[in-house]
Amino acid sequence: MGSPIVLGIESSCDETGAGLVRDGRLLGHAVASSMDEHARYGGVVPEIASRAHLHALRPVVRQALDGAGLRLSDIGAVAVTTGPGLSGALQVGLAGAKGIAYALGVPLYGVHHLAGHVAADTLEHGPLPDPCVVLIVSGGHTSLLLVRDLARDPVMHLGDTLDDAAGECFDKVARVFGLPYPGGPAIDRTARAGDPRAVPLPRPLPGSYDFSFSGLKTAAARWAESYAGRELPVHDGAASLQEAVADVLTRKAVAACAEHGVGTLVVVGGVAANSRVRSLAEERCRAAGVALRVPPLRLCTDNGAMIAAVGDLLVRAGADPAPLDVSVDPSAPLEYAALRPVAARAAAAVA
């Protein structure tokens, strides 16, 4: 008999996700998004997101089970995002996960959201090479990591965003350009008809593995303001912004592979769905002799499958489950895939 079936629950932002994984294989998953409810406000409203999770959690778990041809009683472990994310949204997912784990008498694992994005790639391409460089790019996070055994070893940060993340930059500039929310997909669509060399935008922090997109956002906004009273060539602006972001992300990631002697780059997160980020990463990895792994589009954005994937890795690694009084940590740093409760981290820091 193989490992237990792991149910993963994700509710850190505006997607409610449930996934089922066993021995590295995705059995089924379902996602409900409240994005349309936030679009009128130009960004995620925490209270709306929390209420949406309350309504969606049970149906999403049922849909994932039905799609996999499983019953609730078939679940042998539960993994749930406990941070980082919106506090109220995280609480909804955690409460649901605790209830299922307690009712079934199965172990519960608290998972770091960003570790979930890393693990998402394993559902498509198998185990991660040890070591590999991972570039996480999403609406709230941009990080360059050196990853060994995700279930056992600490994650080494090579660089992180110092201000706006890449996805946040897309969202904010899209608003200035008059494009709809979410900005990432809107920029990607609009850029297809533009010239990526039309607007001379900066490439921030060229000598560092850290990221800063606030200045790039401001430069794009100032360029748009220069067209006050005239028609904005939005296609050129979108293409130039997208090119700048993709250039910075992929240049640093491939350089990190070379410096650390790593032969595989894994690009994950919502912005990994961007067409130019993917194509430029392929081009530069091919030139550098680096293998590139990017999850399919359905696993790039937030989903429960990625959380189940981490739970499955933790179960197979023999990791200790979380206590049923585990808490959320909305601003948790990525240190390990298993997220320790706030109280335990605070006690360890004092000790």
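**View 1. The Asp195–Arg197 pair.** Asp195 is partly exposed, with a relative accessible area of 29%. Here buried means under 20% relative accessible area, exposed over 50%, and partly exposed in between (1.4 Å probe, protein chains only). Arg197 is exposed, at 69% relative accessible area. The two residues form a salt bridge, and their closest N and O atoms are 3.7 Å apart. A salt bridge is a side-chain nitrogen of Lys or Arg within 4 Å of a carboxyl oxygen of Asp or Glu. The model is predicted: local features need pLDDT of at least 70, side-chain atom pairs count only at pLDDT 80 or more, and totals for chains, interfaces and linings use all residues. Residues are numbered from 1 along each chain as its sequence is written, and side-chain values use heavy atoms, leaving out hydrogens and water.

**View 2. Arg284 and Asp247 pair up between two helices.** The closest N and O atoms of this salt bridge are 2.8 Å apart. Arg284 lies in helix H10 (residues 275–288) and Asp247 in helix H9, so the pair ties together parts that are 37 residues apart in sequence. Helices (H or I, at least four residues) and strands (E, at least two) are DSSP runs, numbered from the N terminus. Asp247 counts as buried, at 9% relative accessibility.

**View 3. Arg148 and Asp130 join two loops.** Their salt bridge has its closest N and O atoms 3.8 Å apart. Arg148 sits in the loop between strand E7 (142–147) and strand E8 (156–160), Asp130 in the loop between helix H5 (122–125) and strand E6 (132–137); the pair therefore ties together parts that are 18 residues apart in sequence. Arg148 is partly exposed, at 41% relative accessible area. Asp130 is exposed, at 52%.

View 4. H8 (residues 214–225) has 12 residues. From first C-alpha to last it reaches 16 Å, close to the 16 Å expected at 1.5 Å a residue; the expected span is 1.5 Å times one less than the number of residues. The buried residues of H8 are Leu216, Lys217, Ala220, Ala221, Trp223 and Ala224. They cover an arc of only 160° around the axis, which puts them on the same side of H8. The arc is that of the directions from the helix axis to the C-beta atoms. These buried residues pack against helix H6 (166–176) and helix H9 (234–260), contact meaning heavy atoms within 4.5 Å.

**View 5. A salt-bridge network that includes Lys217.** Asp164, Glu168, Lys172 and Lys217 are linked in this network. Lys217 is also one of the buried residues of H8. A search of the whole structure finds 17 salt bridges.
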